[in-house]
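Okay, everyone, thanks for coming.

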Amino acid sequence: MTDLSKYRNIGIFAHVDAGKTTTTERILSLTGKIHKIGEVHDGEATTDFMDQERERGITIQSAATSAFWKEHRLNIIDTPGHVDFTIEVYRSLKVLDGGVGVFCGSGGVEPQSETNWRYANDSEVSRLIFVNKLDRLGADFKRVVKQVEDVLGAKPLVMVLPIGTEDDFVGVVDLLTRKAWVWDATGDPLAYELQDVPEDMKAEVEEYREALIETALDMDDDLMEAYLEGEEPSIEDLKRCIKKGTLDLEFFPTYCGSAFKNKGVQLVLDAVVDYLPNPTEVDPQPEVDLEGNETGEFATVDVNEPFRALAFKIMDDRFGALTFIRIYSGKIAKGDTVLNTFTGKTERIGRIVEMHAESREERDSAQAGDIVAVLGMKNTQTGHTLADPKDPATLEPMVFPDPVISIAVAPKNKAASEKLGIAIGKMVQEDPSFYVETDEESGETILKGMGELHLDIKIDILKRTHGIEVDVGAPQVAYRETITQTVEDSYTHKKQSGGSGQYGKIDYVLEPQEPGAGFEFESKVTGGNVPREFWPAVQKGFEQSMAEGTLAGFPLEDFKVTLMDGAFHAVDSSAIAFEIAARAAYRQSIPKAAPQILEPVMKVDVFTPDDHVGDVIGDLNRRRGMIGGQEPGPTGVRVKAEVPLAEMFGYIGDLRTMTSGRGQFSMEFAHYSPCPKNVADEVIKAALEKKNAA
């Protein structure tokens, strides 16, 4: 039996280039898991094991690994920072108990940090903060702490202060113990000395220590009272209060260092053990029924409870599909049969392996609190619950965003054509934010994803991993349609051709809804002119027609249908007759309701050196962007804007040209908004040409 109090399931998340993967490497090195430290910039990092990750120096898949520190088992997930892969962060946070948010000492709180922080808030995950790269030019620990307060609205609890900055950064002062950790210049993480606080920092250390104690003791009235009467709390009492505040998300213990230079990582590991929750200290997972409504039951982390686990990631490798699961309650052994409550089918656990990035260690069994990978799952996908067949229950599933960009691909030869379907099937299983559909008119395979880089990587994986060469079409934007006026109309469906006929008459009102409100149906029929059993058929007819708008064939959204009245025939009326009436009514009335094209608008965050700000803003304006604001930083300016996705293709190349290669940007979906008439006309024309060509 494993002692769950010695478990820590944690994730490391941050903006691109803040140093997550490097921090993970240092943790693995310090815990004795690896002996040679791999560097991201050399393409050698342990958790970046895909070819695409090594070449680009970014993390694409979240990698799982385990390590031990001070007799505690750490299950660590290194997540991607790039916005196109936020889905990986989201699903990792869903199954973790705690996290370490890494921020760059000079870049500070960057756009992707905000998104990840928001996800972590939604998932109510306790976090530590590690301000990394304090050896870099422009690094400023206190400025980043201030940004965490202002930009994220969070309360950082400063636990250490840096000794020196930039090139002079040599170590940190631990405020609790008043000890200075000073590393030498060899870069060896173990080559440090514990010294007294430097003379010139003593006043500052006492000031910050007092603030730390007061914030921590807010968690315990008795200790606070004693402290106000002059009694100094013990380190153990302080740690207990800090842990309570961390678990309650009242504040976030904040550390600093330089992972690359091996300075400051030990204190973060100690904090993971001291302040982040073990699996039993986290609120239990709510169980839901098949409709997604909470049942009031919870999956409590306990080995003796019935088995409950959430599949949060599928990864295909040379041994077959690996299904990563987080076990919430109960235990499993090799050869057990479990129930997938989503499909209603049982699955057999072939093998259980503990992952260390790419390599693995076999296990005979696993239990509540574990994060392991299992082989042998045939029909399990991300977000599915595995449960005890004798005592089934479903855990709260994951919700994934809709894709905003698509490209058409076609295999270059017949051999590739046969392999393409199988390869894409595997990729869709691995990544829930990646969609594939076939255009029935043109026969093309359409890949849909979260951004250009996302789809770029998918094409690369098709080529390298699966050996399939494809021709790639130009990226397409996922447009939508909506209506702008209210229309009152009527439609009668009559068909008489020998035998029983079909009859259904509906009087209805179509009206626009607020953006994002979706489709709504209401019936105000009184007196039985349209019997109640036919109302769902009318709703279904309208709802199924929404997939194709009348302007250019894009999905229609945000409108309401109110069934006002109608008529039926005692013999000839049926559900199908009313469904056909609703479909025809849709085609008849939508064009009368002043339909318009909606386009996806992206939240764009551009970093540019000071001397190129004017060029960048001018360029964003030319792309129909709305500038939201500018934030000066130590090394440049961040420009925030909202820009239509259609104008952002190839932007990274233009930005690099404008800023001599120093500019960076990230973007994520913001909302749909009406297209200007000239753009809408072009979109409609292109859609009709495509339809006619097919």
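Let's start with lysine 146, which is partly exposed at 46% relative accessibility; by that I mean between 20% and 50% relative accessible area, with under 20% being buried and over 50% exposed (1.4 Å probe, protein chains only). Quick housekeeping: this is a predicted model, where local features need pLDDT of at least 70, side-chain atom pairs count only at pLDDT 80 or more, and totals for chains, interfaces and linings use all residues. Residues are numbered from 1 along each chain as its sequence is written, and side-chain values use heavy atoms, leaving out hydrogens and water.

So, who does lysine 146 pair with? Its side chain meets aspartate 150 in a salt bridge, 2.8 Å from N to O. I'm calling it a salt bridge when a side-chain nitrogen of Lys or Arg is within 4 Å of a carboxyl oxygen of Asp or Glu. Both residues sit in helix α5 (residues 141-152), four residues apart, about one turn of the helix. Helices here are DSSP runs of H or I, at least four residues, and strands are runs of E, at least two, numbered from the N terminus.

Next pair: glutamate 206 and arginine 178 form a salt bridge, also listed at 2.8 Å, N to O. Glutamate 206 is in helix α6 (residues 202-217) and arginine 178 is in the loop between β8 (171-174) and β9 (179-183), so this pair ties together parts 28 residues apart in sequence. Glutamate 206 is partly exposed at 36%, and arginine 178 is partly exposed at 35%.

And the whole structure? The search finds 33 salt bridges.
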